[in-house]
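Please work through the exercises below with the sequence and the 3D view side by side. Each one sets a task and is followed by a solution in steps.

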Amino acid sequence: MLSFIGISCVTMADGEIVLHRRVHSRKRRSTETKREIHQASKKQDLEDKDVPEPVHVGCEPNNWLSNSFVKSPSGFKHKSFHQSSIRKPSQVEVNKDSPGNACFKICTSPPLRRSPRTPTPSSAGSLQDRIKQRLQKNALVQSPTLSEQKKELQEQMICQAQQDARELHEQVSDTDIGPFFGLPTKVQRLIEEHRGIKKLYDWQTECLNLPAVKEAKNLIYCLPTSGGKTLVAEILILRELLCKKRDALLILPFVSIVQEKVRNLSALAVELGFLVEEYAGSKGRFPPIKRQKSKSLYIATIEKAHSLVNSLLEHGRINNVGLVVVDELHMLGDRGSRGATLEMTLVKLLHACEQTQIVGMSATLSNISDFKTFLSADMYTNNFRPVELTEYIKVEDTIYRVNKDTLDPSKQLEHERVVMFQYTADMKRLDSDQLFGLATEVIPQHSCLVFCPTKKNCENVATNLCKMMSRFKRSLAEHKRAERKVLLRELHDEGNGNICPVLRYCVQFGVAYHHSGLTMDERKLIEEAYSDGVLCLLTCTSTLAAGVNLPAKRVILRLPYVGQQFLSRSQYKQMVGRAGRAGIDSTGESIMITPHADKKKVHDLLFMGVEGCYSSLMYNEGKGLRGLILSTIGLKVTPNTLSLAEFMQKTLLNKQNEVLKCDVAQAMMDALENLIELGLVQQKKDDCRNGQEDVRFLEVTPLGKATFKGSVDLEYSQRLYNDLQKAKDSLVLSNYLHLLFLVTPYETGVEIKPCWMTYFTQMNNLDPTELRVADLIGVPEGYIAKMASGQSRRQSVDSLTVKRFYLTLMLYNLWKKKTIWEVAAIFQQPRGFLQNLLTGAASFASCVFHFCQEIKEFWAFPDLLSNFIKTLSYCVSLELLPLMEIPGVKQGRAKQLLNAGYKSLSLVAQADPDKLVKIIENFPRRQAKQILLNEKLEAMLGEYEDLMSIPMTLPDNKVTAEGQMSKPTGTVQNKEQTSPAMSWISNISQSASQDSVS
């Protein structure tokens, strides 16, 4: 055996060479080791002199062997040690038999027998020299190191990760940009901040992962009220805007809901960089502004959505809308113009744009299969409710629980309890239905809604409940007393110093009424106070159930009636669906007070299915169908009778023709003939195509085009034309009374019942030029005087014109800057009615504007109506109009801003909220931030989009005012030269991102 610093090499009898390395200590060679080496060397000399090819010792690391040998101060003292003793290794094994030694065992093959040959000079020398040379050569050969092995392992892991990523990419959509249903985690964080939702319900997750959602197919999903349907729709809308980079349209049934949704989504729009555009009342631009970068969410009423779709179809931009969401899809069955208008909108989308996804949601759909066929949609239904609902009915003094788990009629109403409230004789007289006892079981710790049949009944019930509270439970007035005083002050300020006497009395007890007679500002304050717990009981009409989401611990139905009509199953489900507040209450309950005579009808109502939802195109003798045909011909969607017949096959009416017993083809021809008789459509025979001689080509007349582009009711289009024709020849411009009459809605005039004495008084207050307007339109002063005195009238007048002029007088008083409170007192009308009248007049004025644009002889009216419409919307002076367009700013606040020097939107946008609070009296900081950061940012972004749409490259030469040729201007440098508009948009955007929550 031979040894040198830390190394020993042993050749065993079986041809194996074992190298030993000393790890921890260096030991001296022993006599026994030297003897083993000498014997191995002597035995090797007896072997054949044939030396095999040199090999590398395959141990790792191999540097330490040569280095140790070179530095070793001792050498071998034995005879030559031939290379033939080292066999070609087949494998290398590492053996650690002891903590101090590391043994490398080289397994060699048996020695090769070859013919003898003469040793070469290279093989001469001592064994020590030959081993030294071999180890030095081995040291020059680079062997794998630990770092290289790690690098190779990392490369393998990277390759595997890339392969996994490719496979995952093939499985997901290209539009996925984040882990939250394809959205970035920022969206999830914003939903938690603004909605307080940390986790979605299981059904929401399941619905958002449906194949129809991933593949952008049409979808209808139905769940009970308060089940969380709206959140799913909002996530789908955000996916369309942020991931797919396409516009979206959200259709809602009422103006108030549109305005609420615009407010709620504005904060998300600021954070995520999209625009929210309101299409309700007089608001909305046709066609909408083209956006270069930011996408738009159009939030519209049913009527405005139809006009928007028509405009996009006409301008070839309908494909820009990637998603249409319809809330309350069952409105298709509304037996009136709203249901027909909604069906028109959807069938046009189905026909003209197959790439647009339609998503509908509802809580009260029964014949779902009809809608599935109509929209070619997938269905998703679930009975999930976040809070368990228990239904009761009260008959006299007995309360029965509704048991829907049995089919036995005798067990479907289970006796629950007998009410035993300690009522005195006076209490029984005031409250025969024991509403006070039922309500005080839950308030003020919990909330309560009381649905009443009429608006007047709402106010009476609220007043009676508060009278009983003041006499028998005065402690209810002490609950949140300070907050209720603040609410009363806010109501006083919104009314410009006026407040409803009923609200002034009831609010101190935590009670208020809620119906359409309130102004929108009053309703908003009451809704916020109820949500915050300041108010604990609301008496309301059925419109609240179909409107804003205001849940309660207990819902009480005062009577099973809406107006004079018995309650429908869908109305009942919407009302009781408000019972139970998710995250607050563990259960919810509803109690319907039932007269004994109506017990059988109520029983049938509770256990019957929801009424079927059917097409409304045939309402009023096919009025909706005529409107659909007129608009499709005008938009050139159906240029002939053949294409019109194909189009009609896609309608819901055609899908339900057997149930409705309607011959769609015959109804279509009848409607077409009627349109021709009205002078709205022309037909002519053209050269027959494909051998079909009966194919007729259709086109709209100028009046027909004006009718559908102005969204004017077919029933009143000819009347409007006649009124404008008469006004064209004798329009009175010395005042605004004549223009106001032209934009007074016809539908509202049909419903109004004038107070003739008030009518006569207002006519007496008109000056001669104003009376001339009345005579020109056909409302003689003598006729009104006879009606007021009750005398017989022989004079023939048009009743609709007389009623419309009565409404015009209301608008004229508002136009002359009288408050809604003053006008309401004069005409004995609810404040909400006057506000709706003003909104309706502004909306109809917009219709008249578009109507006149299509008829050349009315060229002057668009110029007259352009500024008139904006002024009518707010009834303020021209200098206040820009400020009134800021949501949340009313006339009084606009005057304060104007007096403080803020005359335009740009000045308001650049203002400091702290400065506004200091210089404007009673201006809350919260409202200041809302005005500056939230509400008007979308308008600023709109201006930014307009700037970005300017071509970036200017002409090479330009003629100056002096007639000289200017030098080439090149390309606009946006980065180096930022306009003031761009800078304050950037600043306000940064502020909005920081303070949007407040």
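The model is predicted, so local features need pLDDT of at least 70 and side-chain atom pairs count only at pLDDT 80 or more, while totals for chains, interfaces and linings use all residues. Residues are numbered from 1 along each chain as its sequence is written, and side-chain values use heavy atoms, with hydrogens and water left out.

**Exercise 1. Describe the protein chain as a whole.**

Step 1. Begin with secondary structure: the protein chain has 44 helices and 26 strands, where helices (H or I, at least four residues) and strands (E, at least two) are DSSP runs numbered from the N terminus.

Step 2. Turn to burial: 48% of the 998 residues count as buried, and here buried means under 20% relative accessible area, exposed over 50%, and partly exposed in between, with a 1.4 Å probe and protein chains only.

Step 3. Look at contacts (heavy atoms within 4.5 Å): among those between residues at least 6 apart in sequence, 71% join residues at least 24 apart.

**Exercise 2. Describe how helix α10 packs with helix α11.**

Step 1. Helix α10 covers residues 302-314 and helix α11 covers residues 337-352, and the two pack at an angle of about 30° with their axes 9 Å apart. The axes are lines fitted to C-alpha atoms, for helices over the stretch in contact, and the angles run from 0 to 180 degrees between N-to-C directions.

Step 2. That angle makes α10 roughly parallel to α11, since angles under 35 degrees count as roughly parallel, over 145 as roughly antiparallel, 65 to 115 as roughly perpendicular and the rest as oblique.

Step 3. The residues making the contact include I302, V309 and L313 of α10 and L342, M344 and L349 of α11. By class, the contact of α10 with α11 has eight nonpolar, four polar and three charged residues; Ala, Val, Leu, Ile, Met, Phe, Trp, Tyr, Cys and Pro count as nonpolar, Asp, Glu, Lys and Arg as charged, and the others, Gly among them, as polar.

**Exercise 3. Treat helices α23 and α26 in the same way.**

Step 1. The axes of α23 (residues 641-648) and α26 (residues 664-677) come within 10 Å and cross at roughly 130°, and the two helices are therefore oblique to each other.

Step 2. The contact is made by T641, L644, A645 and M648 of α23 together with V664, M668 and L672 of α26. These residues divide into six nonpolar, one polar and no charged.

**Exercise 4. Which is buried and which is exposed, A377 or S376?**

Step 1. S376 lies in the loop between α12 and β12, and A377 is found in the loop between α12 (368-375) and β12 (378-381).

Step 2. A377 counts as buried because its relative accessibility is 3%, whereas S376, at 59%, counts as exposed.

Step 3. Leaving aside neighbours within four places in sequence, A377 is in contact with N218, L219, I220 and K372. Phi of S376 is near 50°, a positive value in a residue other than glycine.
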